[in-house]
Amino acid sequence: MVNSHFLVAGLGNITHPVTRHSVGHYIIDALASRSCVRLSSDRLGYAAQTNVQIGEDYVTLTLFKPKALMNISGRPVVQMLRETAVNPTNMIVIHDSLDHKPCTLSLKCGGSANGHNGVRSVIAALGGHLDFYRLRIGIGRDGDPANYVLGPLSPQERQFWSSSGSGSDMVWRELLSIVEKSNGSR
């Protein structure tokens with residue numbers, strides 16, 4: 001019976017909740033709600049743990065929203081990683097993606113930050129280590145990216161990514177798939 005630990009970190013700006021740029025935070029809130037756990041505040045951010053059974057294996061998921069602004073969120077994410085899952089390959093970062101249509105999800109493991117400053121900050125805090133999972137949440141692109149990402153999620157996007165929406169179902173299935181795949185390779 002394997003008991004592994006995964007960190008699921010949602011990137012965003014605490015100062016700009018429910019915006020496209022903070023969709024990672026929004027999804028962490030939805031996952032906490034659907035898991036019936038409450039996020040607690042500490043010096044790094046907001047976190048909660050939940051246990052999931054996959055087959056005969058039990059897995060601990062730490063859900064985490066850093067308090068640091070998006071572009072400097074790497075240090076608290078990596079500090080939480082070291083306190084919980086330890087191994088970067090057991091980390092899943094959820095973040096917005098201008099390159100994907102709204103209400104879509106794209107899984108990526110490794111590779112560059114693709115211009116995303118929050119992911120770039122995580123990579124830098126890991127000392128350049130790239131082998132962690134990313135769930136890229138599509139927000140689309142319209143006009144000036146700096147202004148666009150700070151715009152509010154539409155009512156449809158909020159419903160889609162909410163704890164009862166089909167988007168959070170997609171995220172949950174991807175998380176379980178990653179965990180199952182990782183536990184199968186041990």
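Biologist: What should I know about the model before I start?

Modeller: It's predicted, so local features need pLDDT of at least 70 and side-chain atom pairs count only at pLDDT 80 or more, while totals for chains, interfaces and linings use all residues. Residues are numbered from 1 along each chain as its sequence is written, and side-chain values use heavy atoms, with hydrogens and water left out.

Biologist: In which order do the strands of the sheet come?

Modeller: Strands pair if DSSP finds at least two bridges between them; strands (E, at least two residues) and helices (H or I, at least four) are DSSP runs, numbered from the N terminus. Here 7 strands make an open, mixed sheet ordered β2-β3-β4-β1-β5-β7-β6. β2 (40-41) and β6 (105-109) are the edge strands, each pairing on one side only. Inside the sheet, β5 and β7 run parallel, joined by 6 bridges, and Val 93 stands opposite Arg 134 in β7.

Biologist: Which residues lie nearest the centre of the largest pocket?

Modeller: Rolling a probe the size of a water molecule over the atoms shows where empty space is left. A pocket is an open set of points on a 1 Å grid over the protein atoms alone, where a 1.4 Å probe fits, with protein on both sides within 12 Å along at least five of seven lines; lining residues have an atom within 4 Å of a point. Here Asp 96, Leu 98, Gly 115, His 116 and Asn 117 lie nearest the centre, among 25 lining residues.

Biologist: Which elements each supply at least two of the lining residues?

Modeller: β5 (91-97), α3 (117-125), β7 (133-138) and α4 (145-149) do.
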